[in-house]
Amino acid sequence: MRKCEVAVLGLGLMGGAALGALLDAGVDALGFDPVAAGSDRGSSHGSCRIFRRFNFENPNYTSLSDEAHAGWIRLQTESGQTVLTETPVLEAGRPGSAMVASSRAAAIAKGRADPMLTAAQANKEFPAFSLPDDWDVVVQDGGAILRTEVVMKLMRARARDRVIPERASFTPHHDGVSIRTVTQEFFAERAILALGPWLGRALPQLAALLNVTRQAVGWFAPVSPDTVALGRFPIFILDRGPDDTVYGFPDFEQRGVKAAPHNHGPVVGPDDWSPQASDGELRPIGEALAALVPGAAGPIIDRDVCLYTNTAPADRRLDAGEEFIIDRWPESRLIVCSACSGHGAKFAPAIGQRLARLATDPTYQAEPFFQLSRYSQFA
């Protein structure tokens, strides 16, 4: 039986960052994941995610963005590969949009110049857009395309022989965690569970607080390719009303404009990655592009499915839901991470550091708004 100090189950962006932080600190750690880097499954699959410095979801995330940004830049410098491609982030919505107001407030709170533009100014600066005259608009700096496919490969390469590419089951004990794969047995003093949509299956007591939703993603052949090229076109997030938010990227891969809904799709299981996104699922996105970003509108040329893992609203330390869980599991040597809800990817270096500290420093606690105790069943 092989022994280690810390086992990390799940090596997406969060688990991979945690394993890297542990190894950098000289901890004897092993990572387990049957899903290879470059797979078309798992919460971290695909080529890109949005990096934002100023977050409309919650002001708590701004400092987390700064910490994560430093981690991404460090990885980029050490590897010599592009991890972040700096790109403005345009956020727009109907008059009075809470999303736009919150992003604006977050930027101003950090001492940035007011990022507010008129819709006419935004349309002139980015001619692919045709935003209504009365819409609220901010364009924040400090944004970037996070090259997740590059990051996943770098994380796996850095861990090298510390990765066990097999499905693993675990059994908690008073003095550690036993881990079994098809071919081997292990024993870890502590284990980090960063299992993405499979976390609720691994910890049934947590399942009631998590739901997994299917998110259709499409790539659209732009009507005006020159207006949506990197450098001329921003990342965008458009608030069209309740439960109707669309986001997208410049055509930085010569693959078309990637666009998708950010509002939740239907609830599914953690293994429900197929079928591929249908024309019907992607039709509202195409219609949104035609109305608001006509330069990016066009036929669907590629498609994918993402799964969001979303937390329920808390009832003790009140929140609206979709906040992360980064905490020790009660009466065990397990650490749990559900840093998801569709906007967790950008924070991976900062979250990885927190997970590593939870596993190695008994005095450390993650921020209260990430703790399980915000739910009465874990109080």
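Modeller: Between domain 1 and domain 2, four residue pairs are in polar contact, both residues of each pair being at pLDDT 80 or more. A polar contact is a pair of N or O atoms within 3.5 Å; within protein, one must be able to donate a hydrogen and the other to accept it, and residues adjacent in sequence count only if both atoms are side-chain atoms. On the side of domain 1 that touches domain 2, α6 (199-202) and α7 (204-207) each supply at least two residues. The largest share of that side, three residues, comes from α6. Sorted by class, the side of domain 1 that touches domain 2 has eight nonpolar, six polar and four charged residues. In this sorting, Ala, Val, Leu, Ile, Met, Phe, Trp, Tyr, Cys and Pro are nonpolar, Asp, Glu, Lys and Arg are charged, and the others, Gly among them, are polar. Helices (H or I, at least four residues) and strands (E, at least two) are DSSP runs, numbered from the N terminus.

The model is predicted: local features need pLDDT of at least 70, side-chain atom pairs count only at pLDDT 80 or more, and totals for chains, interfaces and linings use all residues. Residues are numbered from 1 along each chain as its sequence is written, and side-chain values use heavy atoms, with hydrogens and water left out.

As to the two domains themselves, domain 1 comprises 2-44 + 149-209 + 314-378, and domain 2 comprises 86-143 + 210-308; such bounds come from an automatic or database domain assignment. Taken over C-alpha atoms, the centres of domain 1 and domain 2 are 30 Å apart. Domain 1 gives 18 residues to the contact and domain 2 gives 10 residues, contact meaning heavy atoms within 4.5 Å. About 1200 Å² is buried between domain 1 and domain 2, and carbon and sulfur atoms give 55% of this area. Buried area is the accessible area (1.4 Å probe) that two parts lose on being put together, summed over both.

One salt bridge is counted between domain 1 and domain 2. A salt bridge is a side-chain nitrogen of Lys or Arg within 4 Å of a carboxyl oxygen of Asp or Glu, and by this rule the count comes to 21 salt bridges. R201 counts as exposed, at 52% relative accessibility, whereas D271 counts as partly exposed, at 37%. Here buried means under 20% relative accessible area, exposed over 50%, and partly exposed in between (1.4 Å probe, protein chains only). The loop between β16 (257-261) and α8 (279-292) also holds P275, and the peptide bond from S274 to P275 is cis, with omega near 5°.

R374 forms one with D319, the closest N and O atoms being 3.1 Å apart. R374 lies in the segment after α9 and D319 in the loop between β17 and β18, so this pair ties together parts that are 55 residues apart in sequence. R374 is buried, with a relative accessible area of 1%. Apart from residues up to four places away in sequence, R374 touches several residues, including R316, R317, E323, F324 and F369. The side chains of R240 and D244 meet in a salt bridge at 3.3 Å, N to O, and D244 counts as partly exposed at 24% relative accessibility. D24, E78 and R158 are linked in a network of salt bridges.

Leaving aside neighbours within four places in sequence, F347 is in contact with N55, Y61, L64, S65, A68 and F324. F347 is buried, with a relative accessible area of 0%, in the loop between β19 (334-338) and α9 (348-360).

Two backbone features complete the account. E322 has a phi near 65°, a positive value in a residue other than glycine, and E322 is partly exposed at 31% relative accessible area. E331, also not a glycine, has a positive phi of about 50°; E331 is exposed, at 86%, in the loop between β18 and β19.
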